[in-house]
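Student: Could you take me through this model? I would like to begin with its surface.
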Amino acid sequence: MSTKKLSIVRPAFQAATILLVLVLQPGCSKEEQRTRQLDSADTYLKDGQYEQARIEYKNLLRDDPQNIRANFGMGSIWLLQGAPVRAIPFLATADTLSPGEPEIAMKFASALRAVGDIRTARTKALETLEKSPLHEEALLILADTARGEEQIAALEKRLETLAASPPPTPAYHHASGSLAVRKGNREAAETSVQAARDLAPDSFLPYLALAAMHETRGNLKEAEADLKRAVERSSPRQPPHLGLARFYFRTDRANDAKLLLEGIQTEAPGYLPPSIELARIALAADDHDESARQLEAVLKADPSNPDA
């Protein structure tokens with residue numbers, strides 16, 4: 001074959017090869033692109049860049065509404081932003097598509113509990129404990145939501161079973177403390193919570209429980225000290241920060257509460273509960289304009305927020 005003919009054949013062959021690759025590749029490329037998007041969204045979520053994560057998850061769900069990771073991620077973001085009503089549809093979808101997955105089930109249960117659906121939250125906790133009897137978060141939800149003689153008796157029986165298989169976990173001691181409170185045994189409750197603290201000194205949970213006990217007894221100085229210890233062991237989006245602000249408001253220290261809440265807003269942008277608390281403080285001071293301003297910000301992000 002002449003050089004002239006070769007020069008014509010090679011480009012044609014190369015073009016055909018490229019075309020074949022393009023025809024065969026799209027399915028694989030789309031799947032790879034989706035995986036990269038999910039990885040990127042998960043990284044944003046882990047790093048606290050919630051708006052970037054939300055955009056990635058939203059784009060993914062537009063093309064694949066049943067994607068478990070994207071639904072779980074989107075639900076997690078709304079829960080972290082203090083909007084459980086908006087979190088529930090995403091977490092419900094993820095839970096339905098991945099039944100029995102403890103991390104998803106417990107996130108779903110937390111959102112349900114936050115909106116007052118205690119029955120379904122308990123159901124999710126019980127389902128998880130059936131598969132993992134020592135699951136700490138499920139045990140805590142079950143203990144904290146136990147109401148009535150039947151549920152309290154069932155909790156006591158479960159704890160007796162767990163006590164027979166040491167070593168006890170912090171969650172076991174917390175649950176025992178909750179049970180003791182239900183039965184009116186404050187001394188036993190405090191002993192259990194202190195045991196949990198000894199096992200997990202870096203956890204904020206024991207200090208929150210101790211603070212509540214101190215406040216119930218009127219020991220406000222000790223309650224504040226334990227709340228501050230809880231704050232030191234938590235991030236702004238976790239309960240101790242709001243707990244301390246609410247304590248200040250309850251004890252006629254509205255200015256301290258306001259300063260703390262404004263600090264949370266700065267450290268945790270997009271987190272809605274501080275705005276709701278600031279609206280309540282403003283309303284108590286008859287500052288209706290400021291109260292409305294705070295609530296408008298909440299409703300803009302979460303129109304169905306039940307507290308706004």
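Tutor: Accessible areas here come from the Shrake-Rupley method with a 1.4 Å probe. The model is a predicted one, and its accessible surface comes to about 17,400 Å².

Student: What share of that surface belongs to carbon and sulfur atoms?

Tutor: Carbon and sulfur atoms account for 54% of the accessible surface.

Student: And how many of the residues are buried, as a percentage?

Tutor: Of the 308 residues in the protein, 39% are buried.

Student: Turning to secondary structure, how many helices and strands are there?

Tutor: The protein has 17 helices and 0 strands.

Student: What is the radius of gyration, and what would a compact globule have?

Tutor: The protein has a radius of gyration of 26 Å, whereas a compact globule of 308 residues would have one near 19 Å. Along the principal axes, the C-alpha atoms fill a box of roughly 100 × 55 × 30 Å.

Student: Which aromatic pairs does a search of the whole structure find?

Tutor: The search finds 1 aromatic pair. It is formed by F247 and Y248, whose ring centres are 6.2 Å apart.

Student: Why is that pair called tilted?

Tutor: The ring planes of F247 and Y248 stand at 55°, so the pair counts as tilted; edge-to-face would need over 60 degrees.

Student: Are those two residues buried or exposed?

Tutor: F247 is buried, with a relative accessible area of 2%. Y248 is buried as well, at 7%.

Student: Lastly, how far apart are the mean positions of the positive and negative charges?

Tutor: The mean positions of the 38 positive and 43 negative charges lie 6 Å apart.

Notes. Residues are numbered from 1 along each chain as its sequence is written. This is a predicted model: local features need pLDDT of at least 70, side-chain atom pairs count only at pLDDT 80 or more; totals for chains, interfaces and linings use all residues. Side-chain values use heavy atoms; hydrogens and water are left out. Helices (H or I, at least four residues) and strands (E, at least two) are DSSP runs, numbered from the N terminus. The radius of gyration is taken over C-alpha atoms; the globule rule is 2.2 Å times the number of residues to the power 0.38. Buried means under 20% relative accessible area, exposed over 50%, partly exposed in between (1.4 Å probe, protein chains only). Lys and Arg count as positive and Asp and Glu as negative; His and the chain ends are not counted. The place of a charge is taken as NZ of Lys, CZ of Arg, CG of Asp or CD of Glu. Rings of Phe, Tyr and Trp (its six-membered ring) pair if their centres lie within 6.5 Å; planes under 30 degrees apart count as stacked, over 60 as edge-to-face and the rest as tilted.
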